[in-house]
Amino acid sequence: MKRFLLASLIFVLAASHQAPAQTAAEKRTQVNDGVVGLVAARRTGTMTVFADDMAAILNEVPGLRVLPILGRGSLGNIEDLLYLRGVDVALTQGDVLDFYKTFKIESNVDAKLGYIAALGLEEAHLLARQDIRSVDELEGRKVNFGWNGSGSFLSASIIFDNLGVKVDAGVDIHKVAMVKLQNGEIDAMFWMGGSPIDSFEELRGDEGLHLLPIPNDRISASTYAPTTLDNSDYPNLIPPGQTIETVEVSTVMAAYKWPEGHPRRTAVGLFARSLFENAETFHQDPYHPKWKTMDLAADVPGWSRVFPLVQLTSR
């Protein structure tokens, strides 16, 4: 066996020496031309799994190399997309542009960024103490928004601004906020995530906590759509036949709008087209089951596509 492996290695080396010589500069150009930096979520986030799936499939495309990067949350990912060298694509929430505009963080941001595809929906969850019966009763109270820069933080900031309810906003991670809520140190916690959220599934209605409705008719931001949570989402929190009014937002694959002819636009274009051409592969095992529920061709309110859809779907 060892002799066979040694003979194989000698054959490969001999073949490489017979190939035309390639300078280091040429090799560097060849390796880097098709690289697409894809910033995702934190280590345990679902978006990180999606990024890993995309790298596994799309790195088989000739001339393309996808580099997944651990991100800092929806806001941090957009900042990286705007300013960090090597980042071409970012996974983020569809309401991030509303946040940038509402709080005047970046001028003309929607002219700089667009989206390649929508990757699913996340629902707004507002978990509160049982004695708080409406979102308006949270006025002046302690509500955890999620860590600064996270998708939950930016969604809570926009939604509470739209509702006109001013709260004492906390920035703890969800795990810490849950403990504080159960101990009575805070009054409510906000979590933007795809239902069912594991931590909420473990709760029971008799533990002194419940999900508060978010009146979607008071949400003016165009990136949110009305939806409901029901007993099938949280059997221990929502009684059969009841629904909790809330809003949902798309998770988007955002990209920088490189000008026509720019080499980075060429690389991102190959990435985008390859994503659509391999869509059916993502629906198969062992890739994340959430891919099966995603419509890559769906529109995202408030966003414009970086590449025309017909360009990505035509063969």
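**Entry 1: Ala177**

I began with Ala177, which sits in helix 8 (residues 174-182). Helices here are DSSP runs of H or I with at least four residues, strands are runs of E with at least two, and both are numbered from the N terminus. Before going on, I noted that this is a predicted model, where local features need pLDDT of at least 70, side-chain atom pairs count only at pLDDT 80 or more, and totals for chains, interfaces and linings use all residues. I also noted that residues are numbered from 1 along each chain as its sequence is written, and that side-chain values use heavy atoms, with hydrogens and water left out.

Is Ala177 buried or exposed? Ala177 counts as buried because its relative accessible area is 0%.

Next I looked up what Ala177 touches, where contact means heavy atoms within 4.5 Å. Leaving out residues up to four places away in sequence, I found Asn144, Asp172, Ile186 and Met189. I also checked Ala177 against Leu75: they are 102 residues apart along the chain, and their C-alpha atoms are separated by 20 Å.

**Entry 2: the whole protein**

I stepped back for the overall picture. The protein has 12 helices and 10 strands, and its C-alpha trace spans about 80 × 50 × 35 Å along the principal axes. Of its 315 residues, 47% count as buried.

How much of the contact list comes from residues 24 or more positions apart? Such pairs make up 77% of the contacts with a separation of 6 or more.

I then looked up the surface, using the Shrake-Rupley method with a 1.4 Å probe; for residues, only the protein chains shown count as cover. The accessible surface comes to about 16,100 Å², and carbon and sulfur atoms hold 53% of it.

**Entry 3: the cores**

I looked for nonpolar cores, meaning sets of buried Ala, Val, Leu, Ile, Met, Phe, Trp, Tyr and Cys residues joined through side-chain atoms within 4.5 Å. The largest has 45 residues, and those touching the most other members are Leu126, Leu138, Ile159, Phe160, Phe190 and Tyr224. Several elements give two or more residues to this core, among them helix 4 (74-83), strand 4 (113-129), helix 7 (151-163) and strand 10 (243-256). Which element gives the most? Helix 7 does, with seven residues.

Not counting residues up to four places away in sequence, its contacts include Val135, Leu138, Phe160, Phe190 and Ile214. There is also a second, separate core of 36 residues, with Ala51, Ala117, Phe282 and Val306 among its members.

I found helix 4 mostly covered, with eight of its 10 residues buried. Among the buried ones are Leu75, Ile78, Asp80 and Leu82.

Helix 10 (residues 263-277) has 15 residues and reaches 21 Å from first C-alpha to last, close to the 21 Å expected at 1.5 Å a residue. The expected span is 1.5 Å times one less than the number of residues. Its buried residues include Arg264, Arg265, Phe271 and Phe276.

Then I turned to Glu248, which lies in strand 10. Glu248 counts as buried because its relative accessibility is 16%. Beyond residues up to four places away in sequence, Glu248 touches several others, including Leu121, Glu122, Glu123 and Tyr224.

I kept one reminder in mind: most residues other than glycine have a negative phi, and most peptide bonds are trans.

Where are the cis bonds I noted? One runs from Ser195 to Pro196, with omega near 0 degrees, and Pro196 lies in the loop between strand 7 and helix 9 (198-201). Another runs from Asp285 to Pro286, with omega near 10 degrees; Pro286 lies in the loop between helix 11 (279-282) and helix 12.

Lys104 is not a glycine, yet has a positive phi of about 50 degrees. Lys104 is in the loop between helix 5 and helix 6 (109-112), and counts as exposed because its relative accessibility is 71%. Asn108 has a positive phi of about 55 degrees, again without being a glycine. Asn108 is exposed, at 54% relative accessible area.

Conventions:
Buried means under 20% relative accessible area, exposed over 50%, partly exposed in between (1.4 Å probe, protein chains only).
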